[in-house]
Amino acid sequence: MAGRFPPRTPTTRTTVRGGAVPVPATADQDEVVQDQDEVQDLDPGPAGRPATTPPPDLGLTLGPLRRGPADPTFRVTPDGSVWRASRTPAGPGTIRVDVRDGRLAAEAWGAGGPWLLDRLPALTGAEDDPTAFVPRHKLLAAIHRRRPGLRLTRTGLVLESLIPSVLEQKVTADEAYRSWRLLVRKYGEPAPGPAPEGMHVMPDARTWALIPSWEWHRANVDGKRSATIVRAARAAARLEEAAQMDPPAARRRLELIPGIGPWTSAETVQRSNGAPDEVTTGDLHLPGIVGWALTGDRTTDDAAMLELLAPYEGQRHRAARLILLSGRVPPRRAPRMAPGKIAHL
């Protein structure tokens with residue numbers, strides 16, 4: 001059996017986030033999408049970027065927005081399209097993005113469709129500048145060269161990244177993904193337009209705040225995490241303002257909510273604000289992965305990790321993502337954490 005299958009990628013939460021979502025090659029470019037409300041073509045990058053710059057790799061750029069392989073708000077279809085269902089300030093919307101003849105193309109549906117199309121350049125990394133990253137290690141130089149399509153997404157939406165990040169606090173990735181999936185399917189609404197079957201838009205802030213305690217329990221969410229989400233939902237309008245702030249100020253705004261600390265705020269603004277320097281601290285695995293990749297030391301802590309990433313000041317999050325994409329992680333020395341069974345208590 002040796003050699004028949006590629007090496008299995010570790011599935012800790014950090015490696016999943018750093019990895020790429022497989023996106024098939026785009027289908028026939030002449031295919032017509034039916035019932036579309038609006039179509040928009042985009043240049044690969046902002047003005048001034050060389051015309052030869054490759055378009056963003058959708059799997060790398062949008063991959064951090066997927067919360068598990070069965071995320072009801074995110075889908076990749078065999079024709080090479082990436083679908084997202086979002087709750088925008090204008091209402092629920094669905095967007096389909098693919099690459100056609102080296103250019104991004106998109107369709108959107110629902111009340112939030114025009115808003116999603118307006119934000120598409122930022123979503124696909126047009127506001128990100130990968131040329132600002134200067135590798136200082138051979139590993140990062142190799143991965144940076146090998147992944148030219150990596151861009152850092154900016155959704156402009158805080159709650160849709162904050163709530164799943166809270167669900168991921170101190171539990172296994174599989175537990176958090178299951179909780180997100182159950183809650184979105186039960187309390188969200190079907191995605192507008194011809195979205196793939198089973199896609200849903202996440203609930204609005206009021207609905208999150210009114211989910212009864214027993215439903216959190218059934219979704220395997222403990223009282224501390226559910227209370228944090230309810231507090232965040234009640235302050236949703238103020239939290240959404242953070243998407244327009246600079247990342248440090250945005251993190252300070254989020255951390256005013258009890259239960260939201262540095263880990264959660266960093267995970268949120270990396271997506272909502274496209275923050276290239278907001279590295280995640282307080283993670284169980286990331287310091288050891290960074291230390292192992294750069295120095296061979298799996299016992300690296302947060303302070304040592306930040307010291308290792310200091311040469312990348314301004315681009316530390318990108319450096320951490322490239323390290324995760326390298327797949328160079330320390331060998332496992334203990335069994336996986338057993339999932340909790342809150343719903344069985």
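Where is Pro 148 found? In this predicted model, Pro 148 turns up in the loop that runs between α5 (138-146) and α6 (159-167). Its relative accessibility comes out at 47%, so Pro 148 counts as partly exposed. Pro 148 and Leu 60 are 88 residues apart in sequence, yet their C-alpha atoms sit 10.0 Å apart in space.

Next up is Thr 264, which belongs to helix α13 (residues 262-272). Is Thr 264 buried or exposed? With a relative accessible area of 2%, it is buried, since anything under 20% falls in that class. The side chain of Thr 264 makes a polar contact of 2.7 Å with the side chain of Gln 169. Setting aside neighbours within four places in sequence, Thr 264 touches Leu 162, Ser 165, Val 166 and Gln 169.

Lys 170 is found in the loop between α6 and α7. Lys 170 has a positive phi of about 60 degrees, although it is not a glycine. This residue has a relative accessible area of 77%, so it is exposed. Asn 220 is another non-glycine residue with a positive phi, in this case about 70 degrees. The loop that holds Asn 220 lies between α9 (213-218) and α10 (223-234). At 7% relative accessibility, Asn 220 counts as buried.

The strands come next, starting with β4 (residues 91-100). Strand β3 (residues 82-88) runs antiparallel to β4, and 7 bridges join the two. Val 82 has Val 97 as its bridge partner in β4. A hairpin is formed by β3 and β4, with 2 residues between them. How many bridges does β4 share with strand β5 (residues 103-109)? The count is 7, again in the antiparallel sense. Within this pairing, Leu 104 of β5 stands opposite Val 99. β4 and β5 also form a hairpin with 2 residues between them, and Asp 101 in the turn shows a positive phi of about 55 degrees.

A search of the whole structure turns up 4 aromatic pairs. One of them involves Trp 83 and Trp 109, whose ring centres are 5.4 Å apart with the planes at 10 degrees, so the pair is stacked. Trp 83 lies in strand β3 and Trp 109 in strand β5, so this pair ties together parts that are 26 residues apart in sequence. Both Trp 83 and Trp 109 are buried. The rings of Trp 208 and Trp 216 also make a stacked pair, because their centres are 6.2 Å apart and their planes meet at 25 degrees. Trp 208 has 0% relative accessibility and so counts as buried. Trp 216 is buried too, with a relative accessible area of 3%. Which residues do ring pairs link into a cluster? They are Trp 180, Trp 208 and Trp 216.

Trp 208 also gives a reference point for Gly 188. The C-alpha atoms of Gly 188 and Trp 208 are separated by 9.4 Å, while the two residues are 20 residues apart along the chain. Gly 188 is found in the loop between α7 (173-187) and β6 (189-190). Leaving out neighbours within four places in sequence, Gly 188 is in contact with Leu 183, His 200, Val 201, Met 202 and Pro 203. As for Lys 186, it lies over the face of Tyr 187, at 5.9 Å from the ring centre.

Key. Residues numbered from 1 in each chain as written. Predicted model: local features only at pLDDT ≥ 70, side-chain atom pairs only at ≥ 80, totals over all residues. Heavy atoms only, no water. Helix = DSSP H or I, 4+ residues; strand = E, 2+ residues; numbered from the N terminus. Buried < 20%, exposed > 50% of the residue type's maximum accessible area, 1.4 Å probe, protein only. Polar contact = N/O pair within 3.5 Å; in protein donor to acceptor, adjacent residues only side chain to side chain. Contact = heavy atoms within 4.5 Å. Pairing = 2+ DSSP bridges. Phe/Tyr/Trp six-rings, centres within 6.5 Å; stacked < 30°, edge-to-face > 60°. Lys NZ or Arg CZ within 6 Å of the ring centre and 35° of its normal.
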